[in-house]
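Trainee: Could we go through this model together before I write it up? I'd like to start with the contacts and then move on to the details.

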Amino acid sequence: MRVEDNLKQIKTAIHEACIKANREPEEITLIAVTKYVSADRAQEALEAGIHHLGENRDEGLLAKWEVLKDRPTWHFIGTLQTRKVKNIIDKVDYIHSLDRLSLAKEINKRADRKINCFVQVNVSGEVSKQGINPEEAADFISSLAEYKNLNIIGLMTMAPHTSDKDLLRACFRKLKDIQKQVKNLGFDFAPCTELSMGMSNDFSLAIEEGATMIRIGTALVGQEGQEVK
Ligand SMILES: *Cc1c(COP(=O)(O)O)cnc(C)c1O
């Protein structure tokens, strides 16, 4: 499938979810997750009119960056090892996986400008998932004030692999609730206006529950066999 054709279907689904939720499609930023595909396919996504690309490993990001440079807006969406921050920091505009103080400190140290960061929250409580516990999210964010190069733009979560819509909705709602708590703190460094949630299988529900950035890989660019590592 051409990216263009997949994009049409996804745009239709975004519109439908927005109608249900009484929202505007312009409120939703679509990030094409290119971790499973080649730089050529990522380029096809750009040519189809997608401006935001997401990668979950430093190697994948660097390989695509070599080809596409700063034409896309780059999102780092995967678990980020502290020692790898220096490899990606000059290339990314958004980091979706801030989940510990040591990482905040390293981003702050390596960045020469403000980096938009999402605090990743483990709303489902699955042990396999990264992220701060929901109860600790507000305290964690409060502790980031000293890191001047971080702009806490929002919260990110990964919902469980399930077709249980009630469970998925509950996860997305929980992230929205935490967002309200954080906004109430009123910190300049944490406007927390964005919610990064929703992937190929659950983005419609995520939009209905308030997502502003959705991260779509498989349904948009497909998978070319092995994940590009
Ligand atoms: C791979 C990945 C996605 C996209 O997953 P799909 O199911 O292929 O849409 C989104 N977010 C993160 C953090 C990922 O690692």
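Mentor: Let's start with the contacts, keeping in mind that this is a predicted model: in the protein chain, among contacts with a separation of 6 or more, 56% are accounted for by residues 24 or more positions apart.

Trainee: And how many helices and strands are there in the protein chain?

Mentor: The protein chain has 9 helices together with 8 strands. Its radius of gyration is 17 Å, close to the 17 Å that the globule rule gives for 229 residues, so the chain is as compact as a globular protein of that length. The C-alpha trace spans about 45 × 40 × 30 Å along its principal axes.

Trainee: What share of the residues is buried?

Mentor: Buried residues make up 53% of the 229 in the protein chain. As for the surface, the chain exposes about 10,900 Å², of which carbon and sulfur atoms supply 46%.

Trainee: Switching to helix α3, which of its residues are buried?

Mentor: Helix α3 covers residues 58-68, and the buried ones there are Asp 58, Gly 60, Leu 61, Lys 64, Trp 65 and Leu 68. Viewed down the axis of α3, these buried residues fall within an arc of 155°, so they line one face of the helix.

Trainee: Why would residues three or four places apart point the same way?

Mentor: An α-helix has 3.6 residues a turn, so residues at that spacing point the same way.

Trainee: What about Lys 105, buried or exposed?

Mentor: Lys 105 is exposed, because its relative accessible area is 55% and the cut-off for that label is over 50%. Lys 105 is found in helix α5 (residues 101-110), and its C-alpha atom is separated by 21 Å from that of Asn 122, which is 17 residues apart from it along the chain.

Trainee: Last one, how many positive and negative side chains are there?

Mentor: The protein chain has 32 positive and 34 negative side chains, with the centres of the two sets lying 3 Å apart.

Definitions and conventions:
Residues are numbered from 1 along each chain as its sequence is written. This is a predicted model: local features need pLDDT of at least 70, side-chain atom pairs count only at pLDDT 80 or more; totals for chains, interfaces and linings use all residues. Side-chain values use heavy atoms; hydrogens and water are left out. Helices (H or I, at least four residues) and strands (E, at least two) are DSSP runs, numbered from the N terminus. The radius of gyration is taken over C-alpha atoms; the globule rule is 2.2 Å times the number of residues to the power 0.38. Buried means under 20% relative accessible area, exposed over 50%, partly exposed in between (1.4 Å probe, protein chains only). Contact means heavy atoms within 4.5 Å. Accessible areas come from the Shrake-Rupley method with a 1.4 Å probe; for residues, only the protein chains shown count as cover. Lys and Arg count as positive and Asp and Glu as negative; His and the chain ends are not counted. The place of a charge is taken as NZ of Lys, CZ of Arg, CG of Asp or CD of Glu. The arc is that of the directions from the helix axis to the C-beta atoms.
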